[in-house]
Amino acid sequence: CAAVPAADSESEKSRGSESDRASKWRAMAVRWRSLTREHLWDSSGSRFIPHLYLSEGSPFPDSFDESRIYFHGGTAVAALAGVLSSEEVLKSYEQMSRNVEAVRAAGGAVAIGMTVYPPYPAGLFVNPSVAVEFSYQNAGDWDWFGGRMVQALVVHKHCKEALEALQMMCDRVVKFDGFFEWFDFDGKPSGSAKFKGSAGALGKAVEMMTSSHSRCADMRTATRIHTYADDTKIETE
């Protein structure tokens, strides 16, 4: 019998090791999806429970009902991670849209990327960036969350809803000529105008919507976004 070259033997070991690691992480993903749904998903309300507090209980006053808070950002990430079914992704988007309409009815200008809604009441947090409502991670509106929700909608073939949500965010990229970190209640941009988290999430959403093998290939956005390492270019049709 011919001897197996050492390089080939090492290559086989490497492939076997990679396969073992992949199997390990796939099994862990299945386990964590199951645990997330078991402990944090409220099927009766089609929403995630904000927090589970252990022995010391909630740090908030008894007068505050945290169960009212809908986590847009966390739901978007969970939807993209495969924690939710296609129907649950759609229902989640519909709830996000209702929250957006509630803010707009009150005179605001937000999209689905709000971190939470309603915001935590002013004064609950010491950190000044979240001590007021619709600021930063306390209901600030982030495209890197909104863009992820669009991606999840595309994955589940909810193309009409994906285009609707994406267009809102692309419109303000064009309006303010940049990919800002987050937007406040009035739709005023804050943070860097070249935030790569926003550019990446929206750019990938656009790519998923318009690529030739996209599940939404027949849909087209009115805005094309090109991202570069050190700059951005935005074109409108």
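## Close-ups of a predicted model

**View 1. The largest nonpolar core.** In this predicted model, the largest nonpolar core is made up of 46 residues. Look for Ile 112, Met 149, Val 150 and Leu 166, which have the most contacts inside this core. The top contributor is α5, with eight residues. If you're wondering about the general pattern, nonpolar side chains tend to be buried together in soluble globular proteins.

View 2. Zoom in on helix α6, residues 196–210, and you'll find Met 208. Is Met 208 buried or exposed? Its relative accessible area is 18%, and buried means under 20%, so Met 208 counts as buried. Skipping its neighbours within four places in sequence, Met 208 is in contact with Gln 151, Val 154, Val 155 and Ser 214. Take Val 154: it sits 54 residues away from Met 208 along the chain, yet their C-alpha atoms are separated by 7.0 Å.

**View 3. The one disulfide.** The structure has one disulfide, and it links Cys 159 with Cys 216, with the sulfurs 2.0 Å apart. Which parts does the pair tie together? Cys 159 is in helix α5 and Cys 216 is in the loop between α6 and β7 (223–227), so the bond ties together parts 57 residues apart in sequence. The torsion about the S-S bond is about -80°, so this disulfide is left-handed. Both ends are tucked away: Cys 159 is buried at 12% relative accessibility, and Cys 216 is buried at 0%.

Terms used:
Residues numbered from 1 in each chain as written. Predicted model: local features only at pLDDT ≥ 70, side-chain atom pairs only at ≥ 80, totals over all residues. Heavy atoms only, no water. Helix = DSSP H or I, 4+ residues; strand = E, 2+ residues; numbered from the N terminus. Buried < 20%, exposed > 50% of the residue type's maximum accessible area, 1.4 Å probe, protein only. Contact = heavy atoms within 4.5 Å. Core = buried A, V, L, I, M, F, W, Y, C linked by side-chain atoms within 4.5 Å. Disulfide = S-S within 2.5 Å.
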